[in-house]
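I opened the notebook today to look through one structure from its overall layout down to single peptide bonds. My entries follow the order in which I looked things up.

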Amino acid sequence: MKFHTKAIHAGHKHDKAAGAHATPIFQTSTFVFDSAEQGARRFEGTEEGYIYSRLGNPNMSELEEKMAALENGGAAISTGSGMAAISTVLLSQLRAGDHMIAGDALYGCTNSLMTHVLPRFNIETTFVNTSDLSSIEKAIKGNTKVIYVETPANPTMQVTDIKAVSEIARKHGAILVVDNTFMTPYLQKPLDLGADIVVHSATKYIGGHGDVVAGIIVGSKEVIMNMKFPYFKDFGGITSPFDAWLLVRGLKTLPARVDIHCKNAKIVVDYLVNHPAISDVYFPGLKDHPQHEIAKKQATDFGSMIAFELKGGIEAGKTLMNNVNMIALAVSLGCVDSLIQHPASMTHSPVAKEDRLRAGITDGLVRLSVGIENVEDIIADLDQALSQI
Ligand code: LCS
């Protein structure tokens with residue numbers, strides 16, 4: 001099956017109980033066994049079937065099978081948030097005494113997990129500019145087990161060459177984990193490019209409608225099964241059946257939505273680069289973006305996340321954010337609605353100021369997630385708000 005078809009059909013099984021076409025919501029914590037013997041076989045793993053919703057539920061299975069199919073992976077784990085996905089991956093792949101390398105621009109709580117939480121378990125992270133391959137090579141140590149990248153990175157839009165980094169990881173016996181939230185599997189498939197594990201904040205484009213917080217982990221069947229048993233089973237950060245159902249529904253329109261997101265973002269970028277109040281626009285689709293060629297090579301389009309700097313600095317940025325009408329002043333991204341926010345004081349406030357500035361997350365940077373409204377309305381709203389600077 002091709003991508004659009006998989007987005008609709010992969011993982012779907014018609015309901016046998018009532019013949020429902022759409023998957024029912026299996027809002028149940030536990031599942032009934034026919035006999036004590038059957039219960040024992042399910043726990044032993046000699047018979048397939050559901051036991052208890054923390055260990056698996058039909059709505060989670062449909063989501064996991066669909067995401068594994070879309071990312072060209074062998075299996076997936078659906079989680080209660082993107083952070084549950086990331087913490088499950090890192091705590092299952094690393095142990096005390098291990099070292100990891102991560103991008104210096106990452107979502108604020110991902111940075112915070114690596115900076116504040118993992119060191120308590122004696123897991124050390126070196127942050128480097130992962131678009132510079134030599135700085136990754138230089139940071140490798142004998143105990144480096146994981147290289148972790150977001151590409152494009154939140155919020156700088158810096159792009160990392162997934163294939164090249166996967167080769168460095170393999171050469172040094174480490175694994176590569178890619179956060180594919182900004183691109184989605186429709187635009188970029190990190191496993192095909194050599195990554196070992198893909199994580200998502202499914203809160204974003206996967207759900208697409210701003211009504212769910214969830215995450216996804218995708219990898220080979222072996223990697224995912226070793227992560228699920230015992231780590232994920234014992235950490236327990238699952239998706240609820242209703243949220244999994246909403247995500248399955250969201251995924252059916254992922255390619256259709258992302259096509260409009262990408263088309264709108266290019267038109268908004270053209271408007272922003274020509275606006276006299278704006279000094280810099282960061283978007284991988286721009287020819288002068290430093291990794292434009294890599295973005296073109298490893299993804300089929302550039303997504304709808306834009307970061308930009310106003311000539312008037314943060315004060316001008318505040319005027320813009322306080323004067324948008326239709327565009328919501330809110331964190332999160334990848335929603336059908338356009339959203340605008342200020343990384344330094346909002347999404348990236350958990351990152352130490354020196355680290356934030358070193359990664360290019362300046363005080364004046366504004367981030368825009370372009371939605372799928374009529375693009376004329378997005379530009380009209382930006383235009384009236386920018387005119388007030
Ligand atoms: N990875 C990326 C790239 C993210 O942008 C986020 C959240 C996460 C992981 C964590 O996912 P969550 O647990 O929230 O589902 N990013 C947010 C942002 O930029 N604004 O609000 C949340």
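The entries below go from the domains to the sheets, then to the ligand and the backbone.

**Entry on the ground rules.** I noted that this is a predicted model, in which local features need pLDDT of at least 70 and side-chain atom pairs count only at pLDDT 80 or more, while totals for chains, interfaces and linings use all residues. Residues are numbered from 1 along each chain as its sequence is written, and side-chain values use heavy atoms, with hydrogens and water left out.

**Entry on the domains.** I looked up the domain assignment, whose bounds come from an automatic or database source, and found domain 1 (3-252) and domain 2 (254-386). The centres of the two domains, taken over C-alpha atoms, are separated by 26 Å. With contact meaning heavy atoms within 4.5 Å, 45 residues of domain 1 touch 39 residues of domain 2.

I first wrote down the terms: helices (H or I, at least four residues) and strands (E, at least two) are DSSP runs numbered from the N terminus, and two strands pair if DSSP finds at least two bridges between them. I then read the order 1-7-6-5-4-2-3 for an open sheet of seven strands with mixed pairing. Strand 1 (75-79) and strand 3 (124-128) stand at the edges with a single partner strand each, so one side of each has no neighbour in the sheet. For angles, I noted that axes are lines fitted to C-alpha atoms, for helices over the stretch in contact, and that angles run from 0 to 180 degrees between N-to-C directions. From one strand to the next, the twist averages 20°. Strand 2 (residues 99-103) pairs with strand 3 in the parallel sense over five bridges, and His99 stands opposite Glu124 in strand 3. Helix 4 (residues 82-93) packs on this sheet, touching several strands, including strand 1 and strand 6 (197-201), and its direction makes about 155° with that of strand 6.

Strand 11 (residues 339-341) and strand 12 (residues 365-369) run antiparallel and are joined by three bridges, with Leu339 opposite Ser369.

**Entry on the ligand.** Which residues come nearest to the ligand? Of the 18 residues around the ligand (a heavy atom within 4 Å), Asp179, Ser201, Thr203, Lys204 and Arg367 come nearest. A polar side-chain atom of Thr203 lies 2.6 Å from a ligand oxygen atom, and a side-chain N or O atom of Arg367 is 2.7 Å from an oxygen atom of the ligand. By the Shrake-Rupley method with a 1.4 Å probe, the protein covers 92% of the 480 Å² of accessible area that the ligand has on its own.

**Entry on the backbone.** Most peptide bonds are trans, and most residues other than glycine have a negative phi. I found that the bond from Thr151 to Pro152 is cis, with omega near -5°, and that the bond from Asn154 to Pro155 is cis, with omega near 5°. Pro152 is in the loop between strand 4 (144-150) and helix 7 (162-171). Thr184 is not a glycine, yet has a positive phi of about 65°.

Note on methods: Polar contact = N/O pair within 3.5 Å; in protein donor to acceptor, adjacent residues only side chain to side chain.
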